[in-house]
Every structure is written in C-alpha cells, then in structure tokens.
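Me: Can you go through this model with me? I'd like to look at how the pieces pack.

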Amino acid sequence: MTRWQLPLVLTAVAVLTGCGSADTAQVAIPTSTAAPTTTTKRVPATIAPPTTTVDPYAGLPLIDHVSWTENVDGPRLLVVPTQAGRRTAAPGTDELAWQEVRALDADADAPGMRDQFLCHWVWARMVAPDKPSWNLEPWRPDVGYQATVAANCNPGGPER
C-alpha cells in the first residue's frame, strides 16, 4: 500500500464502522501493511458503568417517632428509627435523620444530644440494629463526639 492509499483506507474504515456512534463504534486495527484484503481485528467500544449508588431508602422517613420519658437520672428522649433509618448507608443520612428528630421535637437540640444521636446512628445501628429505641439524655455532659463514642454513646455514666 502506498502512502497516499492509507488515508483513503482509514477514511473508508471510519465511515463503514460508524465513526462517532458511541454505542456501536468499533476501531479497525490493521494487522499488517500488506494488501488491503488483510484481515482486521475489531475492538468494540466500551462505556463505563455509572459509579453512583442509588439509596433504596431515599425520600423515606428515617425516624418513626420520638417520646420523652423520665428515669432515675433525669429526662430521656427515646428516638425510634424506621426500617429505612436502620438500614440506609447513604452518605448524609445521619444529618437528615437528626433534622427529622429536631423537627419532631425542638427540645432534642440540647447540648450533647446531637453527638449522642450521631453515636447511635453510626455505632448502635451496627452493634444492635434492632434496638427498639436510641436513648438521648440532655443531662449527660457535652463532651464532643469522640468522647461520646468512647463512652459507648453514654458520657457521664452508664445507661440505666
């Protein structure tokens, strides 16, 4: 094949293989520079699969209800998650769930309660996924998230 014939052959191959069609495009790779009747290998174009994961619980309530009780230590807010709240692993759902708790009872937004809630959201769901309620107590000291986790979500004393 001469120099001036190669561009013509490549142009013809591009036209015949549908150059530009992403789902059916194929690239012709000549196996030799001999005669134009030489067999060519065709490499199919590939499309990368999507990299996002869809949350099957998106849009569902994460918190079923909250209710206040009293124990020997003081008031306690019982937070009862829904099945979606117990199972979702999507990023950002911790804050969405906390917003739901605050919408159900504004008094939940007391110092230290958010850290107790996040501790339950992250750790209690793994350790005891079917625990009926998560107990948040405003009388517990506000020690920050790390110390709350270190205290098994109950800073200032064990849960009773």
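Reply: What follows covers a helix pair and a sheet in this predicted model.

Me: Start with the helices. At what angle do α3 and α4 pack?

Reply: Helix α3, residues 93–104, packs against helix α4, residues 113–127, at about 130 degrees. Their axes are 10 Å apart.

Me: Left- or right-handed crossing?

Reply: The crossing of α3 and α4 is right-handed.

Me: Which residues of α3 and α4 meet?

Reply: From α3, Thr93, Asp94, Glu95, Ala97, Trp98 and Val101. They meet Met113, Arg114, Phe117, Leu118 and Trp121 of α4. By class, that contact has 7 nonpolar, 3 charged and 1 polar residues.

Me: OK, the sheet now. What's the strand order?

Reply: β3-β4-β5, in an open sheet of 3 strands with antiparallel pairing. β3 (63–71) and β5 (134–136) are the edge strands, each pairing on one side only. On average, neighbouring strands are turned by 25 degrees against each other, direction ignored.

Me: How many bridges between β3 and β4?

Reply: There are 8 bridges between β3 and β4, the latter being residues 74–81. Ile63 stands opposite Pro81 in β4.

Me: And which strands does α3 touch?

Reply: α3 packs on the sheet and touches β3, β4 and β5. Its direction makes about 60 degrees with that of β3.

Me: Where does α4 lie?

Reply: α4 lies across β3, β4 and β5, and runs at about 160 degrees to β5.

Methods: Residues numbered from 1 in each chain as written. Predicted model: local features only at pLDDT ≥ 70, side-chain atom pairs only at ≥ 80, totals over all residues. Heavy atoms only, no water. Axes fitted to C-alpha atoms, helices over the stretch in contact; angles between N-to-C directions. Helix = DSSP H or I, 4+ residues; strand = E, 2+ residues; numbered from the N terminus. Left-handed = near helix turned anticlockwise from the far one by under 90°. Contact = heavy atoms within 4.5 Å. Nonpolar A, V, L, I, M, F, W, Y, C, P; charged D, E, K, R; others polar. Pairing = 2+ DSSP bridges.
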